[in-house]
Amino acid sequence: MADIRIPENVYDVIIIGGGPGGLTAGLYASRAGQKVMLLEGSSTVSQITVTDLIENYPGIPEIGGSELIDRFKSQAVGFGLKVKPEQVNEITSEYLGDVEGWKLRSDNEEYHALSVIVATGAHWRYLDVPGEKDFLGRGVSFCATCDAPFYRNREVAVVGGGNTAIQEALYLTKFARKVTVIHRRNRLRATGILQERAFANDKIDFAWDSAVEKILGDSGVTGVRIKNVEKPDETREIPVDGIFLFIGLTPDTKLVEGIVNLDKDGYIIAHGDMRTSAKGIFACGDCIHKSLRQVVTACGDGATAANSAELYVDEIKGQAY
Ligand code: NAP
């Protein structure tokens with residue numbers, strides 16, 4: 001085979017996103033001796049960093065989200081991972097010397113890589129009701145860990161019935177006098193152990209079969225108007241000083257729209273080896289289509305993605321030399 005050259009400035013793999021999936025991919029790739037860079041967007045913060053308590057990461061009975069992320073990062077950096085605070089705005093395919101690869105453009109720079117691991121995660125979903133945007137940061141919050149201390153001895157509402165809503169409602173009871181969980185059905189989606197804790201907590205009230213119609217306020221939130229989804233004419237107002245929205249996630253996958261196949265909700269469709277529909281692009285963590293979004297599953301995906309990217313790059317280099 002004729003000699004095929006790959007320019008010096010080309011990375012084996014560039015990882016986009018510094019949450020559990022991206023950092024685990026970074027740990028595996030750097031430990032395997034790959035030429036790797038992790039770019040973490042300044043505008044997106046991994047959801048886990050705002051999680052107060054993680055108690056289902058094996059081997060660590062209890063840890064705060066941001067401490068766990070710090071540990072992931074220092075372990076990966078210890079193996080040589082380079083981490084840069086850069087928001088990737090565009091990915092395009094290109095020829096790198098004689099091989100196909102990817103160009104990543106940020107505000108300041110261009111990067112070139114044989115393979116890319118997309119670990120861009122997901123962000124909180126909005127309710128899309130009047131008042132929500134007006135009172136953002138003035139009573140409307142997506143982060144109990146950040147904002148709960150403002151509500152000492154006050155009343156707050158939490159919207160949603162999933163693991164996040166219930167876990168954060170429980171956390172809020174450490175500060176607030178009363179927490180009303182507003183849920184659109186009459187059954188929680190959250191896992192059994194969280195449900196048991198919530199039902200046993202006398203600071204938590206439930207507004208079942210209820211949808212938020214409007215968030216009320218003046219200079220800040222003063223209440224929330226809800227309607228009974230079974231009887232839409234039946235509305236009532238709950239006086240609260242704060243409202244926390246935990247109604248699920250929207251994947252951060254705009255960057256790869258039109259490049260890799262997405263499902264109907266915008267999550268990346270990845271195979272078991274984290275390969276996507278685009279050659280050389282792998283994905284991991286909360287941005288992919290899957291059934292369980294946890295730190296531990298993101299880490300598992302990240303390890304698999306790094307391994308698959310390494311095999312892919314080895315194959316290219318095997319062809320190249
Ligand atoms: P989720 O599981 O998708 O739950 C979203 C909740 O919001 C559901 O109860 C849903 O109602 C409700 N909802 C959705 N859209 C709504 C709307 N427009 N109006 C009103 N309510 C709406 O999301 P999540 O709780 O943020 O969890 C995300 C992922 O992280 C999940 O995979 C979860 O298991 C994981 N997680 C795990 C833990 C843990 O293990 N401790 C903690 C946090 C998060 P319905 O139930 O009616 O659909």
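The model is predicted: local features need pLDDT of at least 70, side-chain atom pairs count only at pLDDT 80 or more, and totals for chains, interfaces and linings use all residues. Residues are numbered from 1 along each chain as its sequence is written, and side-chain values use heavy atoms, with hydrogens and water left out.

**Domains**
- Domain 1 consists of 10-123 + 249-316, and domain 2 of 126-245; these bounds come from an automatic or database domain assignment.
- The centres of the two domains, taken over C-alpha atoms, are 32 Å apart.

**Interface**
- In domain 1, 5 residues are in contact (heavy atoms within 4.5 Å) with 7 residues of domain 2.
- The two domains bury about 510 Å² between them, 41% of it on carbon and sulfur atoms; buried area is the accessible area (1.4 Å probe) that two parts lose on being put together, summed over both.
- On the domain 1 side, V50, D52 and E55 lose the most area to domain 2, together 75% of what that side buries.
- The domains share 1 salt bridge, a side-chain nitrogen of Lys or Arg within 4 Å of a carboxyl oxygen of Asp or Glu.
- R197 forms a salt bridge with E55, with the closest N and O atoms 2.7 Å apart.

**Ligand**
- The ligand is surrounded by 19 residues (a heavy atom within 4 Å), and the closest are T164, Q167, R185, R189 and Q294.
- Polar side-chain atoms lie 2.6 Å from a ligand oxygen atom in R189 and 3.0 Å from one in R184.
- A polar backbone atom of G162 is 3.2 Å from an oxygen atom of the ligand.

How values were computed:
Polar contact = N/O pair within 3.5 Å; in protein donor to acceptor, adjacent residues only side chain to side chain.
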